Amino acid sequence: MLGPYISLIADNSTNAPYVLIGTGTVIIVFGLFGCFATCRGSPWMLKLYAMFLSLVFLAELVAGISGFVFRHEIKGTFHRTYTDAVLNYNAEDEASRAVDNLQHRLRCCGVYNYTSWLASVYYPSNGIPASCCFNSSDCNPEDLRNATVAPSKVYHQGCYELVTAFMETNMAIIAGVTFGIAFSQLIGMLLACCLSRIITANQYEMV
């Protein structure tokens, strides 16, 4: 689901979906390993599990801080690649489908407004894309090619402003959730280390 949107954010093709899937798989494996270590009551396995959690914690911390620090660069990249997708729109390739999806879902048109389409290679022969129309039943190709009629048929809000406003508004929430998840892993590390010490102490007492 994220693929089309990532194609608008990245300058080149990206492996981000595979990285996310791989990270999720690794975390699941670590979780199962932690359950197994707890059931076996093995101190060294619990310590290894705590080390795994510390690595994941550090990775999440670095990712969260990097995302916050470089958020302006992310917005700049989105502006550049989205503008390029609008100018080279052909209604057929992946970037064009992503533009249509974005405009339809966010109810926006163009980079800053519908006038962004006037400079595109698509406009001279096809007009403004139908995904800009706020009423698809009252939007025909002739109207979309007419610079006088088209403004009354399409959204006036630009997509770039909506996307960047969403990022700015929700950045604090995203950061809070990220650090909340990271904090839960800190608790997991402490519990794993405490359980390992208790098991080791009990083994010495039994001897």
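Ser-96, Ala-98, Val-99, Leu-102 and Gln-103 are buried in helix 5, where buried denotes under 20% relative accessible area, exposed over 50% and partly exposed in between (1.4 Å probe, protein chains only). Viewed down the axis of helix 5, the buried residues fall within an arc of 160°, so they line one face of the helix; the arc is that of the directions from the helix axis to the C-beta atoms. His-104 and Arg-105, on the other side of helix 5, are exposed. The model is predicted: local features need pLDDT of at least 70 and side-chain atom pairs count only at pLDDT 80 or more, whereas totals for chains, interfaces and linings use all residues. Residues are numbered from 1 along each chain as its sequence is written, and side-chain values use heavy atoms, with hydrogens and water left out.

Helices (H or I, at least four residues) and strands (E, at least two) are DSSP runs numbered from the N terminus. The 13 residues of helix 5 should span 18 Å at 1.5 Å a residue, which agrees with the 18 Å between its end C-alpha atoms; the expected span is 1.5 Å times one less than the number of residues. Arg-107, which follows helix 5, has a positive phi, near 55°.

Gln-103 is found in helix 5, residues 94-106, and has a relative accessible area of 0%. The side chains of Gln-103 and Ser-131 are joined by a polar contact of 2.7 Å (a pair of N or O atoms within 3.5 Å; within protein, one must be able to donate a hydrogen and the other to accept it, and residues adjacent in sequence count only if both atoms are side-chain atoms). Not counting residues up to four places away in sequence, Gln-103 touches residues including Tyr-82, Trp-117, Cys-132, Tyr-155 and Cys-159, contact being heavy atoms within 4.5 Å.

The structure holds 8 aromatic pairs. Rings of Phe, Tyr and Trp (its six-membered ring) pair if their centres lie within 6.5 Å; planes under 30 degrees apart count as stacked, over 60 as edge-to-face and the rest as tilted. Phe-78 and Tyr-82 form a stacked pair, at 5.4 Å centre to centre and 10° between the planes. These residues are 4 apart in helix 4 (residues 71-87), a separation of about one helical turn. The rings of Phe-78 and Tyr-160 are also stacked, with centres 6.2 Å apart and planes at 15°. Because Phe-78 lies in helix 4 and Tyr-160 in helix 8 (residues 159-206), this pair ties together parts 82 residues apart in sequence. Both Phe-78 and Tyr-160 are buried. Ring pairs link Phe-78, Tyr-82, Tyr-112 and Tyr-160 into a cluster.
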